[in-house]
Amino acid sequence: MTNPVDLTLPVVAARLRDGRLTAETLAQAHLDRIAARDEGIGAFVHLDAEAVLAAARSADTELACGIDRGPLHGICVAIKDIFDVAGWPVRHGSRLYPDRIAATDCTLVTRLRTAGAVPLGLVATYDLAIVGPGDDGLYPQPRNPWDPARVTGGSSSGAAAAIAAGMVRVALGSDTGGSVRSPSAYCGIVGLKPTHGGLPLDGVLPLAPSFDVPGAMGRTVVETALLYGALRGNPVKLPALSLDGKRIGYDRTWSLSPDADPQIVHATDAAASTLSLCGAEIRRVTLPPLSLMTAAAAVLIHAEGLQTHRAHLARDGGRMGRMAYQSMAAGAVLTETDIAQARRAADLLRARIDALLQEVDALILPTTLTPAPAFADFADGLARWSPMCTLPFSMTGHPALSVPMGFADGLPLGLQIAGRHDAEPLLLQIAASFEHTTDHGALDAASLARQAPVFMTEETT
């Protein structure tokens, strides 16, 4: 009999409503799976089994009484450790907040509860959700289920690890410079960064306000779409698969960056070919140089991060992790000229992307330029970003998502799809078509780690 944690959310939702499954049984299955698998991963940093089971029983009672809150009713959702959940120790992954207890739910958690979802537990983040993986934060960083010697990416590190390890189907993350998309790429899952400003951020730890966006992460595109609908308080129509008439722009030069793994360009070329077979017209386009756009975004994140955490840096710097401290301190050496030039570059990029998106419906690029790096690559303790293509779209505020697009040396790679502001449904449609046509997202990392690859069966799709 298939473990309910391994069933997709639409299948689970049907079983919750026809009586073949209860939310309490589902919640207990999640707790049991976490107990069995998380010791070697370290994704969860707080679990309250009593609260989880009580919420699940409440969902069962409502469904039995004919109260149906939608597709997430009775579904478990992991929460990144920067979103306030009333009564839970939301500590932002930092030694600055070792005893912090959230007083109230943030708006997004309230929306999840309104949708009938069951908050499952808190999952790890980098120190202050800034940069990592440091070894001196509040807790150890999660290990990648595909290879425990490798990072998950950050700062939604625990969310990606928990989904990839089969401990939960969906998770609430956040994205400032790629914090939903790069972990999703490294862990072989789906991650959506919505349009900047489209979802509320009250009760969420800030970093760089003009970049910060809550995000939805899931095992599949449809499950990610269901979570995103609950977060915005308005269900998303499940994406169609046909891409007939869609125009997709592809700047191949970003895949050819000097920092890129040679297998990245081949995988992205193959993804473009696949999308053309799905009915899309692939057009070659030219974006500003990736290195310039990444540098400009980094300047602005460092500058805004310093303003956000200036008091901590001055008063509590000794309790911050080394990497977080370095990242904050980098903002202190920036001049007004540096920041002004970066803002001009951001304006130029935004205008260029907006112009391109009048000619095409979406853009495709790799999410990251390499598979997941090894922990050993960060042994020097220096703060750095891994090579990725996410920062430019964080700077411009356009929505973007990552969907699995293949493997390099047995490690997942992600395809990034970006589009017009508020065009999330189209991005989900393109990603769903790509996912349906390929099997890149079908492999289960936890099963693969046991040397028993498992593909999604008809029951689980």
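Predicted model: local features only at pLDDT ≥ 70, side-chain atom pairs only at ≥ 80, totals over all residues.
1. Residues are numbered from 1 along each chain as its sequence is written, and side-chain values use heavy atoms, with hydrogens and water left out.

2. Start with serine 174, which you'll find in strand β4 (residues 170-175); strands are DSSP runs of E, at least two residues, numbered from the N terminus. Serine 174 counts as buried because its relative accessibility is 8% (buried means under 20% relative accessible area, with a 1.4 Å probe and protein chains only).

3. What does the side chain of serine 174 join in a polar contact? That of lysine 80, at 2.7 Å. A polar contact here is a pair of N or O atoms within 3.5 Å; within protein, one must be able to donate a hydrogen and the other to accept it, and residues adjacent in sequence count only if both atoms are side-chain atoms. Leaving aside neighbours within four places in sequence, the contacts of serine 174 (heavy atoms within 4.5 Å) include Ile82, Phe83, Ser156 and Gly215.

4. Now helix α13, residues 424-437 (helices are DSSP runs of H or I, at least four residues). Its 14 residues should span 20 Å at 1.5 Å a residue, and its end C-alpha atoms are 20 Å apart, so the two agree; the expected span is 1.5 Å times one less than the number of residues.

5. Helix α13 is mostly covered, with 10 of its 14 residues buried. Among them are Glu424, Leu426, Gln429 and Phe434.

Methods
Buried < 20%, exposed > 50% of the residue type's maximum accessible area, 1.4 Å probe, protein only.
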